[in-house]
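This report sets out selected features of the structure shown below. It is written to be read alongside the sequence and the coordinates.

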Amino acid sequence: MNKLLFKDIDEPGLNTIDVYRRRGGYEQLRRALSMPREAVLNELLASGLRGRGGAGFAMGKKISFLPKGALDIYLCCNADESEPGTFKDRELMQKNPHMLIEGIIIAAYAAGANKSFIYIRGEYVLQADILDAAVLEAERAGFLGENILGSDHRLSLVVHRGAGAYICGEETALLDSLEGKRGNPRLKPPFPANQGLYQGPTLINNVETLATVPAIMGMGGDAYAKLGTETSTGTKLVSVSGHVKRPGNYEIELGVSSREIIYGLAGGPPEGRSVKLWFPGGSSSPVLTGDDLDLAYDFDTMAKAGSMLGSGAIIVVDDQTSVVDVAYKTAYFYRHESCGKCTPCREGTNWTVKMLERMKAGEATPMDLDIIASVCDNIIGHCLCVLGDAMAMPVGSMVAKFRDEFEEYIEARRQESYLGTADPEPELALIQGAVA
Amino acid sequence: MITFSIDGREVQSPENLMLVDAAKYGDVEIPVFCYEPKLGNPVGACRMCLVEIEGIPKLQTGCSTPVKDGMVVHTQNTRVHEAQEAVVEFLLINHPLDCPVCDKGGECPLQDISFGWGGGRSRFIEPKRHFQKPLELSPLIAIDRERCILCYRCVRYSQEVAEDYQLVLQERGAASYVATFDGHPYVAPFSGNIIELCPVGALTSRPYRFRARPWDIEGSGSVCTMCPGQCNVTFTVRDDRVLRVLQRDNAEVDDGWLCDRGRFAYQAIHVDERVTSPMVRGQDGQLVPVSWDRALSEAAAGLTAAGSAVGALAGSGTTNEEGFLVQRIVREALGSRDLDSQRAPVSRDALLAISDPALQATVPDLEFAHAVLVLDTEPVDDMAILDLRIRKGVRRNHVKLAIASARPSSLDANAAASVRFAPGAGPAFAAELVSAAKGEPSSDDARSIVALLREAGEDVVILASERVGVALAALADALGLRDRAGAGLLVVPSSANGRGLREVGFLPDAGPGLSPVAEPGRHAGQIAEAAATGDITALWLLGIDPLRDLPYRLRWEQALSRAATVIAHTNFLTEGIRDHATVVFPAEAYAEKDGTLTHPDGRLQRVRPAIGHSGAGRYGWQVLTDLGTRVGLHVPRVLTSGIALAQLAQAVPFYAGITQDEIGGRGIRWQERPAASAFPAPAPASVNVSPAPRVGPSAPASGLRLGTFRSIWASPEVEHSPALAFLRPRQKIEMAPSDADRLGLGDGQRVLVSNNGTQVSATVALRQAIPAGSVFLQDGLAEDSANVLTGSIVEVRRA
């Protein structure tokens, strides 16, 4: 398979503009700027490129939703890659920042945006430094600023570092944070395309999505659409982690079998172990089991299987790990990252963690599983943003698919706890004055 | 109107109303916690209002979904019930459920919604979230963070309505809690509103805590008489005592907010210091309680003896009826012409011009105008509630705000332009604005303000102090505001019912209905002079203590000492009354009063008695009728406040025929009644303004220019309310850091401010925004009030 995003990725010095240009970098920008905006947009529409951040919304369509008018349009690159298991954007930004920058400039041209931002998570210090340097290089080379390459396109690009909150990867919380406010999700509608950054129309895309744009311009939208499946076009970076022999980022063509990724590319779990469950799209996707390994890895198949492709982060859990620990880790993370603005997420994540803690302490009963399932149901679809769902979906799916294991675990822990060893017939309390 | 379906029924409602409001048109209640339209756009945080809309897969929040024609909404199916029940369950898992000891119990939306939409059971057996509680969020507000459901209302209020930016949510997720940004107490002029906004018992009033349960109390609607804002209030009464003041939403007046003085100063009604019985000064020089008969006959004797040498002054909450009766007694029975209700004299011609119905704006106009000019007044001090209304207009409707004042305004940050003039130069600057508006030569400041107003649009509201006078009318005309709906003048009088008092004729140069008088009498300042020289021998004070409320304290001290008779109707023995009154009548607290007031925009409002009179108190109109009869006024008998109003309505042509029924609970603007056409036409000459040279804000040759202001907290009610005592203002001198440097003074230093041999002591308060060369002192204080000083240039030196 031809790699698009990871072409030359291990070329030394690719993060500098010289090496990038030697490899054909910024040529697609030149070509795009020589075309009318509409033509560039048409290429993106034709490519069928779906957002790589998690929601999988068609990028070209997102651009065409931007209102036309006198308002300033903003472009925000969402580089707040904080989903557990996801580390594809980190490698892209670290090794090939100029591909992202070129993609941003072309996308901004197609969208008519003149101000752009990269909102990068605070922990990505190295990557932010690299981006800062790359932006400076691009500015010096005339790819950013006024009259880019002699065209009438102008663009400023600011790299903004977050302060380390998962919620700021949610697009409206990202905008609030970028505006200098506490990063809390906003009520939608209005959607960012209409009222985003500073109330202006705003295009928000993931790093990988934007970094794909030069490749689409290079091969043409139609050719790109031929890659992958009909509804999941192109190639995708997959971060494989967990119990596999070769964890890492792999570029795959959408539609390959999941087994090919987990066993073929990542080497599968260590000898003698098998896949118990796996998250197909980051820790917020409902889990799949070893039986689902032959499913094609694309947006629609994953959705049909009751999960989602999400950010393309596959986390593999083998049969030596307790599902309760996985559920607890997941729930704990989302409780910690819940912003607290809406009720179901704030209270539901907290409640779920407390119930799981009680299971671990041996103080739970199988009835608690019904309550967890019900709490997860009560969160899903009822929140202001998807953070609550991000906990409820995987935890709910684990309880549903591994109920027997949960029940065994509860009973085993109960036996170990003081409840298991307590005298079954407690002494009767003495009545005051009575003689024992 | 559009038609939509809710729970299977067709309902008509205005388009784009949020579903929770539209549902009410079909008698369907959708429960809410965070939704409160007064706070601005919905945030959809509590998720209580989830409903199903056909065609949308997910449940939607009814608070943020505008209703559309043909929408099909379900609020009563299993899916919605389960979702709403789940939200109640989530909200209650960390709530302490301590309703039996919670102040909110019985009037708590969380209780009501739990009962109506909750599951009635709990599956949560884990430990609840715990906080130290209750804490003092401020001396006025207790916060119980365990009861808090994190609905964001109070935080949104602080951030987006009051704009004091003090309340925030700290931490995140389940650990979130409401706190102030810097950990200091939440002290702000409008902080108490969060108590009423809170849908649970998390924010409770400290003065009201544990005083009553909802089944012990009754509510009684009236009007606050502590400032010209005249906010509508509901008194919470238990056993004939006022225990609480709540807002009584009237969008035409207060928009449903109250200031903290209006909310908490009710405490002054039930304190031992209140005068609750008539008193006369005995042989030993002390005031002693006496019978009504004795006090009335002494007062009558004093007034009769003085005859035409009586001077009468009225202020604060004096009602229209009381003012009308007193001016009749003074004019008709005593033959005096000397009566005044204004702090600084404004002539009848000027009052006619600025009260012209064709030039009047209303309070809501502040919110919807293209531009608002705040001229020589500080809303938060002079008419507090308008501060919030102006902020609302700027924030939500992009009203362009211009401010022209001597002292920096708390609204400066919201203003598109702010200019400063020298203290006292308000009228001169207004004249410059007139010139600028007419295209005549004028100052840059005036031209820039006029340009700003013109650019913003045609609807301009000018909110100005009464003392600016006749130039206001000329300015409104020059800006083309005459007969423009939604534009015009809103003039802030110097006392709470200033407009009513002048319209019933409590003026030296105008009778009832601003009718001309044959020969004008003395205004307040001249009354002081005349009393000091012995030309006036009896002073009659209604709700006013000249030593505190009027300028030229020294002259008033002479006047009060010299006058043979000083009759005061008062609630508290403030200094001037304590030392000089010969007869004291107990004035009514505003919760005891029965009468009418006239709002600065012309709205007549009813003050209705919520409680009986304390001690030997009587209705003001009753006392005055009695006194009038004794001094020989031939009045038809006044048996009720309604009769008093009827007599007044006969005498004021543009109030003709108005009754208490017509005024009702929300008041009525007289300009909107047919009788308004009887308003006397202003003299054409009165709009002829000659621009006076303005004193720029630059420093005078020597000394510092003195400006004064009266803080919202400078009133006897604040001093006597235990809860508000911490806000009691002390004299401070606001000055520019550059002036302080020059004089070698630092922030917090004690200084003496002096001129013409008079002095007050004060503490230096440095403010960057004060123009160099000007300093500001407070009026209306119990001690060290600025009215001790007699000139406009002062010296400041270290104490």
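The structure is a predicted model. For chain A the mean pLDDT is 94, and 96% of the residues of this chain reach 70 or more. Within chain A, confidence is highest in strand β2 (residues 115-120), at 98, and lowest in helix α18 (residues 418-421), where the mean is 78.

| Domain of chain B | Residues |
|---|---|
| Domain 1 | 2-76 |
| Domain 2 | 128-270 |
| Domain 3 | 279-342 + 498-678 |
| Domain 4 | 349-492 |
| Domain 5 | 704-798 |

The centres of domain 4 and domain 5 of chain B, taken over C-alpha atoms, are separated by 27 Å. Contact between these two domains of chain B involves 12 residues of domain 4 and 14 residues of domain 5. On the side of domain 4 of chain B that touches domain 5, six residues are nonpolar, one is polar and five are charged.

The contact between the chains draws 23 residues from chain A and 26 residues from chain B. On the chain B side, helix α2 (residues 78-93) supplies the largest share, six residues. The side of chain B that touches chain A comprises 16 nonpolar, five polar and five charged residues.

Chain B also holds an open sheet of seven strands with mixed pairing, in the order β15-β14-β27-β26-β25-β16-β17. Strands β15 (287-289) and β17 (338-340) of chain B form the edges, each pairing on one side only. From one strand to the next, the twist averages 15°. Inside this order, strand β16 (residues 310-314) of chain B pairs with strand β25 (residues 538-542) of chain B in the parallel sense, over five bridges. B:Leu313 has B:Leu541, in β25(B), as its bridge partner.

In chain A, helix α15 (residues 366-379) packs against helix α16 (residues 387-401) at an angle of about 145°, and their axes are 8 Å apart. The crossing of α15(A) and α16(A) is left-handed. From α15(A), the contact is made by A:Leu369, A:Ile372, A:Ala373, A:Cys376, A:Asp377 and A:Ile379. The residues contributed by α16(A) are A:Gly388, A:Asp389, A:Ala392, A:Val395, A:Gly396, A:Val399 and A:Ala400. By class, this contact of α15(A) with α16(A) has nine nonpolar, two polar and two charged residues.

Note on methods
Residues are numbered from 1 along each chain as its sequence is written. Chains are lettered from A and ligands numbered from 1 in the order in which they are written. This is a predicted model: local features need pLDDT of at least 70, side-chain atom pairs count only at pLDDT 80 or more; totals for chains, interfaces and linings use all residues. Domain bounds come from an automatic or database domain assignment. Two residues are in contact if their C-beta atoms, placed from the backbone, lie within 7 Å. Ala, Val, Leu, Ile, Met, Phe, Trp, Tyr, Cys and Pro count as nonpolar, Asp, Glu, Lys and Arg as charged, and the others, Gly among them, as polar. Helices (H or I, at least four residues) and strands (E, at least two) are DSSP runs, numbered from the N terminus. Two strands pair if DSSP finds at least two bridges between them. Axes are lines fitted to C-alpha atoms, for helices over the stretch in contact, and angles run from 0 to 180 degrees between N-to-C directions. pLDDT is the predictor's confidence in each residue, from 0 to 100. A crossing is left-handed if the near helix is turned anticlockwise from the far one by less than a right angle, and right-handed if clockwise.
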